[in-house]
Amino acid sequence: MAASGEPGRQWQEEVAAVVVVGSCMTDLVSLTSRLPKTGETIHGHKFFIGFGGKGANQCVQAARLGAKTSMVCKVGKDSFGKDYIENLKQNDISTEFTYQTQDAATGTASIIVNNEGQNIIVIVAGANLLLNTEDLREAARTISRAKVMICQLEITPETSLEALTMAHSNGVKTLFNPAPAVADLDPRFYTLSDVFCCNETEAEILTGLAVGSPADAGQAAQVLVERGCHVVIVTLGAEGCVMLSQTEPVPKHIPTEKVKAVDTTTLSVEVIYSVYLSINISLSDYYILWALVTVLWGLWPSTWLTTQVCPWKKCSRDPISSRRSVSGPQEHSLLIHTKKTCHLICFDCY
């Protein structure tokens with residue numbers, strides 16, 4: 001049974017543009033000055049419990065960027081699971097297919113973050129691993145009517161593969177984040193992914209190639225494209241990312257501005273625009289993909305700070321480069337702004 005009972009009226013009337021099939025994790029986060037060595041006990045200076053999991057993070061961020069979203073996942077029948085469902089609802093996410101089980105606890109992630117934003121994470125997937133093909137069949141109509149479906153590997157690979165197959169067969173754009181990565185990934189994951197997004201470590205595991213530079217990332221991306229991926233994005237932390245596609249077979253390095261890291265799972269939004277160009281979708285669909293790929297790496301507002309400001313409104317943060325421009329402020333609702341030296345998308349105005 002779905003956890004939330006009957007869906008809210010708005011979800012009976014509106015189709016979810018973004019469907020995420022994936023994980024929900026309760027994050028147990030400790031902040032420390034440095035990461036501990038093996039066998040060492042150190043003092044931290046802050047602890048908090050949060051809502052995480054790659055799938056839920058992606059879904060929440062897509063919802064906050066304006067997309068109608070639905071989360072297909074499984075949590076335990078425990079206090080963490082109850083709180084998680086409530087959190088999804090508060091973020092205007094459909095929980096019609098958020099299932100609960102008594103057979104496992106809600107997934108958890110124990111996280112330690114140091115002052116430089118580096119982290120170590122241990123996950124216990126719990127109920128996430130019980131999401132199955134029967135659950136997907138109940139959600140089939142929602143998945144088949146979406147514009148974009150995204151999944152990862154914090155649920156079983158079989159379930160992720162079934163979700164990709166279901167979406168692909170109905171013409172739904174698919175985005176796959178192969179994390180945590182496995183060396184013997186089923187070849188069908190490559191051919192069923194319209195956008196295949198991984199970081200440098202995951203690229204190394206998948207291809208067997210060392211990835212220490214944008215040039216290395218380009219070689220790894222080429223291997224992944226040869227395996228059947230339509231678009232490949234390899235993220236490189238502070239070095240930005242490298243993109244390659246079947247239609248643009250020359251690797252493209254997209255650098256990022258240097259920022260103070262709050263968390264190392266970040267990505268430049270320029271990547272999203274490249275995805276839009278590569279798979280040739282409409283502008284409205286671009287915003288959905290933009291929302292979706294953004295959250296693959298937990299792109300937090302605090303990592304976007306620069307000294308520039310929006311030309312149409314006196315904002316103090318979040319201008320991000322774009323290749324599009326408009327002629328006047330009447331287009332403000334599209335988040336597109338023009339400046340003499342660059343074009344900006346401003347999240348404060350959004």
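So, how do H8 and H9 lie relative to each other: roughly parallel, roughly perpendicular or oblique? Hold that thought for a moment.

Quick housekeeping. This is a predicted model, where local features need pLDDT of at least 70 and side-chain atom pairs count only at pLDDT 80 or more, while totals for chains, interfaces and linings use all residues. Residues are numbered from 1 along each chain as its sequence is written, and side-chain values use heavy atoms, with hydrogens and water left out.

Okay, back to the helices. The axes of H8 (residues 200-207) and H9 (residues 214-226) come within 10 Å and cross at roughly 55°. Those axes are lines fitted to C-alpha atoms, for helices over the stretch in contact, and the angles run from 0 to 180 degrees between N-to-C directions. Under 35 degrees is roughly parallel, over 145 roughly antiparallel, 65 to 115 roughly perpendicular, and the rest oblique. So H8 and H9 are oblique to each other.

Who touches whom? Ala203, Leu206 and Thr207 in H8 meet Ala220, Val223 and Leu224 in H9, where contact means heavy atoms within 4.5 Å.

Let's zoom in on threonine 207, in helix H8. Threonine 207 is buried, because its relative accessible area is 15%; buried means under 20%, exposed over 50% and partly exposed in between, using a 1.4 Å probe and protein chains only. A polar atom of its side chain lies 3.2 Å from the backbone nitrogen of leucine 209. Setting aside neighbours within four places in sequence, threonine 207 also contacts Arg227, one of several partners.

The side chains of tyrosine 190 and arginine 227 make a polar contact at 2.9 Å. That term means a pair of N or O atoms within 3.5 Å; within protein, one must be able to donate a hydrogen and the other to accept it, and residues adjacent in sequence count only if both atoms are side-chain atoms. Tyrosine 190 is buried too, at 4% relative accessibility.

Alanine 179 and proline 180 are joined by a cis peptide bond, with omega about -5°. Aspartate 92 has a positive phi, near 60°, and isn't a glycine.

Note on methods: Helices (H or I, at least four residues) and strands (E, at least two) are DSSP runs, numbered from the N terminus.
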